[in-house]
Amino acid sequence: MYQAARKLLFTDCRCADDASKVYEDLFRKLDTNADGKVDVTELKAGLAALGIKTGKGAAQKIISSGDKDNNEELDFDEFSKYLKEHERKLRLTFKSLDKNNDGCVDFLEIKQSLADLGLDISKEEAQKILKSIDADGTMTLDWNEWREHFLFNPATNLQEIIRYWKHSTVLDIGDSLSIPDEFTEEEKTTGMWWKQLSAGAMAGAVSRTGTAPLDRMKVFMQVHSSKTNKISLVSGFKQMLKEGGLMSLWRGNGINVLKIAPETAIKFMAYEQFKKLLSSEPGKVQTHERFMAGSLAGATAQTAIYPMEVMKTRLTLRKTGQYSGMFDCAKQILKKEGVKAFYKGYVPNLLGIIPYAGIDLAVYESLKNLWLSRYSKDSANPGILVLLGCGTLSSTCGQLTSYPLALIRTRMQAQASLEGSEQLPMNLMVKKILKKEGFFGLYRGILPNFMKVIPAVSISYVVYENMKDSLGIQK
């Protein structure tokens, strides 16, 4: 009887009416006390009796996802709506995996699909994933096998690996040079991508505001600190508080937050276009192509919003009464220095994208593969501390590599506003710093920069998680 029920559920529901009848029949079997509702206990016991394997916590996830009236139970309407919606998403995922449209998915297609999302795994790992889903031992998956495995498992195996290990740029540490987020076909089709970008933008805004004093200190030290004019954290903050009071610690933060939205939008759109242009095969993106597309998208976004970067540096370093606001700052720069001033430091900024994005991606991939190969026996979920740790470490390594270029960029952006300062091009500025201050002169301000990493990551994560709840993004 159980095999007949499984066969009916997973192979014979071809039209909407048939599906409703199947769901109705299944609901009756699960509703053991016949009260017209199914709770977690009934769902867990009923699925086990039908021989349907579910992952840890899957029953609770199903109830939580389908429960619209928050009574910890599903009536038939909620139950059937959940299954229909979940099956629709599964169909989208299966189609995106089936690269050659032959109705079956093999381990090479799984490997390629994960590579498209920036997850490089070995053939052995792809075969291991396939084997865990493959019911008939053919080492290929048809739609029914895929549906049977995932219909009552909201997120396991392949989906978990994609969801947990997708290298997200949500952790905002103040720099915007990383490769943009990848989105699955399901996320693009359901419109989940813009919600995730919006949640990320809000997280970045709150994170940058929370760490703005340390960011201002970094810029202050990059421009003013030298061997002859040593500035410590304490003396620097004293100087800023004395000159402009407590609120002066947030100078330049307004435009730093304002540039998040246009930069994120331009980078995302440019990234999707560059991936299409650079991919050797339609729909397939290799790692090096993804890196090139991400770097070009970053360069495109930086080119578009770079005047805001220059204004951010000028506003951060301004003295009390120097500018009345953003528009006054732009007007004064234009009047005194011309349009070219809005692109000072553009070359070192552009050059900084390659080492930052490259090191960030390489370190994250190495840490991810190390964890998956050693610890992913029971679950692909590494836990929040491991994910935050990997993201933070990879971004910090990227920053460390590109920091000298960031310092040169900031000095070039600021030099026209400093009294008696020489207007030096990039190569002469590097020579001058190395001659007067040595190699470590290129790392002025690195301490406050590193000090803001952990609070920035923590704030952006907490805000992002809350925004996900508010926008209805599934966890």
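This is a predicted model: local features need pLDDT of at least 70, side-chain atom pairs count only at pLDDT 80 or more; totals for chains, interfaces and linings use all residues.
1. The largest nonpolar core has 32 residues, and the members that touch the most others are Leu-26, Leu-30, Leu-43, Phe-79, Leu-83, Trp-146 and Phe-152. At least two residues of this core come from each of the helices α2 (16-30), α3 (40-49), α4 (58-66), α5 (76-97), α6 (107-116), α7 (123-133) and α8 (143-150). Helix α5 makes the largest contribution to this core, with six residues.

2. When neighbours within four places in sequence are set aside, Leu-83 is in contact with Tyr-23, Leu-26, Leu-151 and Phe-152. In soluble globular proteins, nonpolar side chains tend to be buried together.

3. The structure holds 14 salt bridges, and one of them joins Arg-28 to Asp-25, with 3.6 Å between the closest N and O atoms. Arg-28 counts as exposed because its relative accessibility is 55%, whereas Asp-25, at 24%, counts as partly exposed. Both residues belong to a network of salt bridges that links Glu-24, Asp-25, Arg-28 and Lys-29.

4. Two further salt bridges deserve a look in the model. The side chains of Lys-344 and Glu-337 meet at 3.4 Å, N to O, and Glu-337 counts as partly exposed, with a relative accessibility of 25%. The side chains of Arg-444 and Glu-437 also form a salt bridge, here at 3.0 Å from N to O, and in this pair both Arg-444 and Glu-437 are buried. Side chains of opposite charge can pair when their charged atoms come close.

5. Ala-34 has a positive phi, near 50°, and is placed in the loop between α2 and β1 (37-38), where its relative accessibility of 64% makes it exposed. Glu-72, likewise not a glycine, has a positive phi of about 65°; this residue is placed in the loop between α4 and β2 (74-75) and is partly exposed, with a relative accessible area of 47%.

Methods. Residues are numbered from 1 along each chain as its sequence is written. Side-chain values use heavy atoms; hydrogens and water are left out. A nonpolar core is a set of buried Ala, Val, Leu, Ile, Met, Phe, Trp, Tyr and Cys residues joined through side-chain atoms within 4.5 Å. Buried means under 20% relative accessible area, exposed over 50%, partly exposed in between (1.4 Å probe, protein chains only). Helices (H or I, at least four residues) and strands (E, at least two) are DSSP runs, numbered from the N terminus. Contact means heavy atoms within 4.5 Å. A salt bridge is a side-chain nitrogen of Lys or Arg within 4 Å of a carboxyl oxygen of Asp or Glu.
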